[in-house]
Amino acid sequence: MTAENIDMGTRYRLVSHGAALLAAIATAAAPCIGAGRAGVDDLPERQPADRHDVDLPDWGPYSNAYLGLSHVADLSSGMRFDLTVFAGPHTTSTPDVPNASLNTGFVAWEAAPDLSYYSYRQKLDGQKLFAEISFAELDARSRLVRVDLVNQGSRARTLTLNMLASMQLPNRGPGNVLTPRRILRASLPTGARWISGVHYRQHRRAVPTPQDNLVYDGWLRGEVRDDGLVDGRALRMAAGDAATYPVDGGGNALLLRYRAKAPLKLVLVGARDEAIALPAAPGGATRLLPLMPGSASVRLTPDADVDLEGLVLIDADQASEVRFIPEDDDLTPQMAQGPNANSLILKYRQSPAYYGLRWFRSDGAIREFQNSTLDFFFARRSHSKTLKVAKGDGRGHYANLLLGGNMVPVNGRKTIWAVVTTGTRQAVEAELGEPVEDAVLMRTWSAARARVRLPETLPAGRQFGLARQLIAANMLMNVVYPVYTQDQFIRHFTPGKWWDSLYTWDSGFIGLGLADVAPKLSADVLHAYTTQPGAQSAFIHHGTPLPVQHHQFLELWNLTRDRKMLSDAYPRLRKYYAFLMGRVPHSTMATLPSGLLKSWDYFYNSGGWDDLPPQVHVHDAKLEPRVAPMVTTAHAIRAAKTLRMAAIELGQRDDIAGYDADIARLASAIQSSAWDAKTGYFGYVLHDGEGRAQELLRTRSGENWNQTLDGVQPLIAGITTPQQTAAIIANLRDPNRLFSPVGITAVDMSASYYRPDGYWNGTVWFPHQWFIWKAMLDQGQGDFAWQIARTALAAYQNEAEASWVSAEHFEIATGQGTGWHQFSGLSSPIANWFHAYFVPGRLSTGYDVWIKRLSERPGHRGMMAELAIDSTRTDGTISVLVTLAPDQRYRATWGDRTISMVMLHPGAYELRIPLTGRRDGQLKIVPQ
């Protein structure tokens, strides 16, 4: 390896989305920061982009390929530098590469809220032999790597350590991990301008679809992403569709780039105002067209299917200089020894930055693996003691530092340090060459680890400490870059790294969990999934379109009372709500004259419960046009109630009457058609051909199909009668029906269609239990809320202790956690329950309480809060939870009335506020 100067010259100016790439990069950066969206059917020519990224450092656990440390050199490019770190046995057998989509023994262990520190544990022999792999911030450019090889077994062990550095381009698309794209880039002469096909000013379909204003994954309407396209994307148009582009300020011609399977004609208005015949071009082709003098825009309308990749605005005599060339996907770096023998410098053509690695020991072998993936390839080749270069498909490159011969005695630990850095060559060499003592490394690492900051915990909560640690680590470390949405690459929290795409309802729960763990990140997640007024898509949609973001919003407000968040989120959530109510053009959510809502046109899954029996039956019987579940309408009601409270806080009085009318109309639609008094559940409602409610959906034997958690959703909406409430709560509490030893199951265990081995049907999940928990506080059922929370915490803690995993769901028969092993997503309520019951200084409520102000006495020895209660009930009580210093007795008042305080455990109390009398008031808790 020799250090060489890199030729930074280039013949052409390469463009992407109207912005020149760095002259130093031959064909590097991927698309992407584009215009915002304004007008339901229009894409404006220019508008500041609406940021959907989250505020995290450039270094973090962002890879969805192999676990470790990643660096985002340029957010808009989609490129990612990875450092994969893992241990293994020092024999001819090989370790499992930590594939992020497989269970290779890696678990998320600890994480600071800002990701300036995080760690994994790699199980090598159960919980007796493991590696603890941590990454700590040195500065914005550099990270400290520490690996502790820990042996708690009965014999000494010798282990190896591998670090593999690589550069990764964006994948072909969601679910295509390590499937490199093969795309083109436009190379233009000076003065020419490229306009991507998806950067239209206006776009209309000849035949509208329900997705026109809710484009999946937040892509742009009509956008397709595929290999062989310029920038990897195009506007897919059908016969009669129309797209308008700005052409002012360009040349006297436009060069059209398109892909079509068959010949077609294209009508252009603003060019020659005539139909242009285009030949079939399955591999892509261009056509030069003169522009009419003074044209400010051009409108294109095809008579057949075509993928419009884009337009080059150019002078006609320069058209022959335009090239569409393959993106440079050779990721082989130039490798050079750094300023000392135990350092390595890497330079990739696609990035202007250098990367450097230093290890703090005198040995170490450098090897190269030239293949798109590791996994089997690394396992087959890495055992060789003489290997220098392992040649594979050549579609990727991994620079491998091998540190072998690490003997770890019984009950011993061996620590290995390294530093990874990026910047100019001079800066990298300076970092790698700086003299550092072990004591300095330890102090730096310890200071970073201290930022993990697990919360102060009441004594009864210490038994659930590992649960809080692991759910927080998994929420914070399940973050992926790049994920594409809204014309930009972003960092995005996922339910688990198996999923590298957006998930609407899962991300709502991630945001709920982060509200307690990292409130600023929670606000970022809320912003990421909502869109600004006038944007093309009503919200960011993937999967179940359940408005968990509205619940997250309420939780964030009651925790932070952040008026900036309130003002930012309200119009975005109001727009989201308008889509749910069918008020956004092309939304089909509210097409039934009965008034019930349904979301089948957007996803097969109404409430996130994949194999819920009535839902499965609806699809098997093709009843989607005629059947409405309860969950969609119930949560729209709850969203309206939340927005109503926010409107009052913001002084948006004109909005309130609309919410009140919606709540009354939707509640009436449910009450008039869906209650089944015999079973104590609301049912799926079957409609006639005119969309009028007809009857409940039943099995062939006449059994209500909906003896499930969908059947209890109107209780969450807060619209049930006292008799309905009592029947539903009885079902929820019944150990023979819904309340299993590990929590509330999705399907009534006495129903004929219950099965013990399903996915949702027969197991226990946390998200709908969280909905129910909140509703129980509203109903004054604080004891049952406490039972729900502590049962869930115990189930999660038991699995965490047994396996160190963060489980997705739980088997009823055994209590074993199952599903994805590094799951956050729908398991995030564990963090909420832990904080509500065990972190002093908390006031937790149901849905019907808006916390206007809150202050604490020093040392958590009392609290005062101004509350607004929005319950429709006129008698009984609601429950709120408060956590205080445990070594004190307290009394509570609501206004001038002393109210009941029930101690759940030392420091945690259920307060029962009467619903007779005033609804706005002051809650005061003081020492006795």
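These are my notebook entries on a predicted model of one protein chain.

**Ground rules**

I number residues from 1 along each chain as its sequence is written, and side-chain values use heavy atoms, with hydrogens and water left out.

**Entry 1: the whole chain**

I began with the overall build and found 16 helices and 50 strands in the protein chain. Helices here are DSSP runs of H or I with at least four residues, strands are runs of E with at least two, and both are numbered from the N terminus.

Next I looked up the radius of gyration, which is 29 Å, close to the 30 Å of the globule rule for 928 residues, so the chain is as compact as a globular protein of that length. That radius is taken over C-alpha atoms, and the rule is 2.2 Å times the number of residues to the power 0.38. Along the principal axes, the C-alpha atoms fill a box of roughly 80 × 80 × 55 Å.

How much of the chain is buried? Buried residues make up 62% of the 928. I call a residue buried under 20% relative accessible area, exposed over 50% and partly exposed in between (1.4 Å probe, protein chains only).

The chain exposes about 32,500 Å², and carbon and sulfur atoms supply 50% of that area. These areas come from the Shrake-Rupley method with a 1.4 Å probe; for residues, only the protein chains shown count as cover.

I also checked contacts, meaning heavy atoms within 4.5 Å. Of the contacts with a separation of 6 or more, 71% are between residues 24 or more positions apart.

**Entry 2: aromatic rings**

I found 46 aromatic pairs in the structure. Rings of Phe, Tyr and Trp (its six-membered ring) pair if their centres lie within 6.5 Å; planes under 30 degrees apart are stacked, over 60 edge-to-face, and the rest tilted.

I looked at Phe81 and Tyr355: their ring centres are 4.0 Å apart and their planes at 10°, so this pair is stacked. Phe81 sits in strand β5 (residues 80-89) and Tyr355 in strand β26 (residues 354-359), so the pair links parts of the chain 274 residues apart. Both Phe81 and Tyr355 are buried.

Then I turned to Tyr484 and Phe489, whose ring centres are 5.8 Å apart with planes at 70°, so they meet edge-to-face. Tyr484 and Phe489 are buried too.

In the same way, Arg146 lies over the face of Trp445, at 4.0 Å from the ring centre. My test for a charge over a ring is NZ of Lys or CZ of Arg within 6 Å of the ring centre and within 35 degrees of the ring normal.

I also noted one aromatic cluster, whose members include Phe464, Phe766, Trp773 and Trp833.

Trp770 is in helix α14 (residues 767-778). Is Trp770 buried or exposed? At 0% relative accessibility, Trp770 counts as buried. Leaving out residues up to four places away in sequence, I listed its contacts, among them Phe509, His551, Glu555, Trp833 and Tyr847.

I followed up Glu555, which lies in helix α7 (residues 548-560). Glu555 is buried as well, at 8% relative accessibility.

**Entry 3: strands**

I looked up an open sheet of three strands in the order β33-β36-β37, with antiparallel pairing. β33 (627-628) and β37 (693-696) stand at the edges with a single partner strand each, so one side of each has no neighbour in the sheet. Strands count as paired if DSSP finds at least two bridges between them. β33 and β36 (residues 685-687) have two bridges, and Ala628 stands opposite Val685 in β36.

How many bridges join β44 to β45? Seven bridges join β44 (residues 849-856) to β45 (residues 863-869), and the two run antiparallel. Ile851 has Leu867 in β45 as its bridge partner. Six residues lie between the strands of this hairpin, and Gly859 takes a positive phi near 70°.
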